[in-house]
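Student: I would like to go through this structure with you. Could we begin with a single side-chain pairing and then widen the view?
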Protein chains: 2
Amino acid sequence: MRKGEETRAKILDAAEISVLAKGFGGTSIDELIAETGITKSGFFYHFRDKNELAKALLERYVENDERIYDEIFSRARELADDPLQAFLLGLKLLSELLSDLPNGHPGCLVAVVCSHERAFDRDIQEINRQAALMWRRRFGAMFRDIMRVYRPREPLDVDQLADMVSTVIEGGIILSKALKEPKNLPEQLLVFRTFVRLLFQPSAA
Amino acid sequence: MRKGEETRAKILDAAEISVLAKGFGGTSIDELIAETGITKSGFFYHFRDKNELAKALLERYVENDERIYDEIFSRARELADDPLQAFLLGLKLLSELLSDLPNGHPGCLVAVVCSHERAFDRDIQEINRQAALMWRRRFGAMFRDIMRVYRPREPLDVDQLADMVSTVIEGGIILSKALKEPKNLPEQLLVFRTFVRLLFQPSAA
DNA sequence: GCCGTTTCCCTACCGTTGGTACAGTTTCCG
DNA sequence: CGGAAACTGTACCAACGGTAGGGAAACGGC
């Protein structure tokens, strides 16, 4: 059992790098088995077909993503008592984390799936949807906490505000890649941070 | 010459729909020639290979994109004298336009290219970069106009602010697709609009 | 109404890729 | 030691991107 999971992980590692660089269509199984040092039969022992590889890949990616958010925002919550300050700190920590990636963010699998839509079955699209909903719940809860203490200067829907976090991250990844400016994503996050600060700043003190 | 361009356009039309739905890898030439009612030789008469199809597709897409932005924001500029009001109106017009698409935004080719990076040559990546830079210049000019009249409540880099427009649109497209909520993109645009209004609202009047 | 260019069609072929089938073998663990 | 898990090897298939080359309509200009 241990050995199997190890090989599986190696395949997924190679697949993730390739898929984020070349898309699913551009990632060949032959390439993956060469990278992993496995045979074709070995590959199909672990994954029935490419779709199942995609599914496992996306599941693992989303889990890992959630873990990173958990770490960053729970740490921010420890360092700041105030929910607004904690959130603003979390955004800053996230921005710094993204800034430290030497080649910029490698890309988001959720976005890759979105730009391949019809190529995947409903299972995968549902995982994708659930991932986006988890982000909404996560950041929505934070904004609700904030609104218990602060009144926004403009009335905004909490879910839409929560989605804005994901929007800025996903959009930032794309713009960073298009412009070939890795710093763009962390910068955009900080611009959004400024907007949030502005929104909850007490008006006319 | 006329006939040739017509066929070419038909191929590009079919390709655009398919690529936005299934990605480049998922779009087969056989499928395109079936859709267009052309033969394989006919296809390769128009495009040397798939990469050149991608290039032509992206070029056409970016041009069309620019035209839409031109129309919307020049109309907004006609309707409002004030640069801030014109920009806010432009965002609203854009949001309404996106709202009227029954199946939501079909997807952005610039984003598709970003999630396929290494699969394309430098030509295509350069077109993509130039497109993002054109967006930056376009919205940057608008924010500069605004700042000649209004003082932002928080100091923000103009280019970063301009990039935020593209970020929100690209990110909104992805989130709309992931969540299968077409209204998400126009909503996110309006949230961003609120942020911009807040940023340039005279403080403590 | 002829001529050349543009715009295709037809046929045949090639290497790569995703995937199937299935028999045999090694590795691990209880 | 035995049996399950984790593979290997070989052979095969259809779909796809792409090449090669020989035609044939259709169109425009003169």
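Student: What do the side chains of A:Asp13 and A:Arg60 form?
Tutor: They meet in a salt bridge, with an N to O distance of 2.9 Å. Please keep in mind that this is a predicted model.

Student: And how many salt bridges does the rule find across the interface of domain 1 and domain 2 of chain A?
Tutor: The rule finds two across that interface. It also finds four residue pairs in polar contact there, both residues being at pLDDT 80 or more.

Student: Which helices supply the side of domain 1 of chain A that touches domain 2 of chain A?
Tutor: Helix H1 (2-22), helix H2 (29-36) and helix H3 (40-46) of chain A each supply at least two residues. H1(A) gives the most, with nine residues.

Student: Changing topic: where do the domains of chain A run?
Tutor: The domain assignment places domain 1 at 1-47 and domain 2 at 50-200. Their C-alpha centres lie 27 Å apart.

Student: How many residues are in contact between them?
Tutor: In chain A, 18 residues of domain 1 are in contact with 16 residues of domain 2.

Student: And what area is buried between the two domains?
Tutor: About 1,400 Å² is buried between domain 1 and domain 2 of chain A, and carbon and sulfur atoms give 71% of that area.

Methods. Residues numbered from 1 in each chain as written. Chains lettered and ligands numbered in written order. Predicted model: local features only at pLDDT ≥ 70, side-chain atom pairs only at ≥ 80, totals over all residues. Heavy atoms only, no water. Domains from an automatic or database assignment. Contact = heavy atoms within 4.5 Å. Buried area = accessible area lost by both parts, 1.4 Å probe. Salt bridge = Lys/Arg side-chain N within 4 Å of Asp/Glu carboxyl O. Polar contact = N/O pair within 3.5 Å; in protein donor to acceptor, adjacent residues only side chain to side chain. Helix = DSSP H or I, 4+ residues; strand = E, 2+ residues; numbered from the N terminus.
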